Amino acid sequence: EGSAESRTPPPKPVATRRPGQANAPRDIPYPDHYGEDWAKERVMEPFGPGYLTLKVIDESGKININTLMKEIKPVTAAPSPTAVPAASQGGQPPGTAAEEPSPTPVPRKWGQRDIKRSGEENPGEKAPEKPAAGEEETPPEQEPVRYVVDKKVEKDIMRLIKTLDVRSVDPEKVTAAIVDWMDSNDEGDWEDDEYGDTPDGSLPKNAPLEVISELLMVHGVTGDLFFGTGQPESAFLDEQKPGTKKRQRGGVGLRDCLTVYSKAKVNVNTAPPEVLTSLLEEENESLVKEIVSYTQKDYFEDLTQFDEKIGEHTPASFRARIGVGSDCVQIIAEGQVNDARKQIRAYVARDDKAVMRVLYWRIER
């Protein structure tokens, strides 16, 4: 399993964005693929007094785990309608408007009491006191945002864990633990009571993830499941096992297939086979092999071309989840001067105007 250090709360992202507030994954108007210059790995290139090694990974080739949660915003009560005088029995008095039907009442917030029914739900509650002269009025407490599970994405995550095929990992139980960690309710088998009084305070977050390594604090997410069987937690690029772009089954982990940053649809040009498999509601190994075989030597310029090459037997639900472009990459850079080496990892977003923005970075080792 992951080390104790990896299970401590990860550092906060540099940006102040709140994961989970993004809309549904969007299409990117231009293609991106691993045959482009940005994706070429640089190894020990001369740089100043030392050397630079660089690797770029497309985050849009992964599933955004925060789409697992749907954000439910608090209901805002509408202002009370102005009272309209009723018409008399003998007819409508001159200069007055006819009586209008009462508006449909606004639904109460989840758990909110109805003060008009004080005898049943709100006995003995007093009206709030008005602030004294010179004192500021205390603003009412705002109901927190709630997060509920998206059942379709939940099935994607379960299929992904099953595809990774890690020993001693139950896909159903681990998926349930991830859901309990992120949703807002206290129902489920893996809520606060299951974590106990942990020294690092790693109780369920009840919100979307900020960094993907938070998964290491979830019940059942072992080191092998997160990093990949036999893969180290952190290693210099030249120490990693060869053939990282074509790993054998068992060498891929959740961090290779899930992200918290990309807002794009899954890029079919860069997605690993494990991700493509998890997006299919029914097992279709031949379709995955056909896509991967094509993208290893070429790329899809758009979904029209995808339909021409592969689309005849592609399920509509799968096609609706994929795209051909990217909006976020992960950059791993290593610098070496003499015997001193340092590695840094960063996530960089690109908008439709090609403006770059660093979302998060940290020194790995």
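**Exercise 1. Which residue in strand 9 does Val-56 stand opposite?**

Solution. The model is predicted: local features need pLDDT of at least 70, side-chain atom pairs count only at pLDDT 80 or more, and totals for chains, interfaces and linings use all residues. Residues are numbered from 1 along each chain as its sequence is written, and side-chain values use heavy atoms, with hydrogens and water left out.

Step 1. Find the strands. Helices (H or I, at least four residues) and strands (E, at least two) are DSSP runs, numbered from the N terminus. Strand 2 covers 50-58, and strand 9 covers 328-337.

Step 2. Check the pairing. Two strands pair if DSSP finds at least two bridges between them. Strand 2 and strand 9 run antiparallel and are joined by 8 bridges.

Step 3. Read off the partner. Val-56 stands opposite Ile-331 in strand 9. Another bridge partner in strand 9 is Ala-333, which goes with Leu-54.

**Exercise 2. Give the order of the strands in the open sheet, and name those at the edges.**

Solution. 

Step 1. The open sheet is formed by 5 strands in the order 1-2-9-10-11, with antiparallel pairing.

Step 2. Strand 1 (42-47) and strand 11 stand at the edges; each has a single partner strand, so one side of each is left without a neighbour in the sheet.

Step 3. From one strand to the next, the twist averages 25°. Axes for such angles are lines fitted to C-alpha atoms, for helices over the stretch in contact, and angles run from 0 to 180 degrees between N-to-C directions.

Step 4. Follow the pairs along the order. Strand 1 and strand 2 run antiparallel with 4 bridges, and Glu-45 stands opposite Leu-52 in strand 2. Strand 9 and strand 10 pair in the antiparallel sense over 10 bridges, and Gln-336 stands opposite Arg-341 in strand 10.

**Exercise 3. Decide whether strand 1 and strand 9 are enclosed or in the open.**

Solution. 

Step 1. Set the cut-offs. Buried means under 20% relative accessible area, exposed over 50%, and partly exposed in between (1.4 Å probe, protein chains only).

Step 2. Strand 1 has 6 residues and the number buried is 0, so strand 1 lies largely in the open.

Step 3. Apply the cut-offs to a residue of strand 10. Arg-350 is found in strand 10 and counts as partly exposed at 23% relative accessibility. The C-alpha atoms of Arg-350 and Ser-262 are separated by 9.8 Å, although these residues are 88 residues apart along the chain.

**Exercise 4. Describe the lining of the largest cavity.**

Solution. 

Step 1. Define the search. On a 1 Å grid over the protein atoms alone, a cavity is a set of points where a 1.4 Å probe fits but cannot get out; lining residues have an atom within 4 Å of a point. Grid points are joined across faces, edges and corners, and a volume is the space filled by probe spheres set on the points.

Step 2. A search of the whole structure finds 1 cavity of 30 Å³ or more, and the largest cavity has a volume of about 30 Å³.

Step 3. Met-44, Tyr-51, Leu-52, Thr-53, Glu-334, Gln-336 and Arg-341 line the largest cavity. Strand 2 gives the most to this lining, with 3 residues.

Terms used:
1 Å grid on protein atoms, 1.4 Å probe; cavity = no way out; pocket = protein on both sides within 12 Å on 5 of 7 lines; lining within 4 Å.
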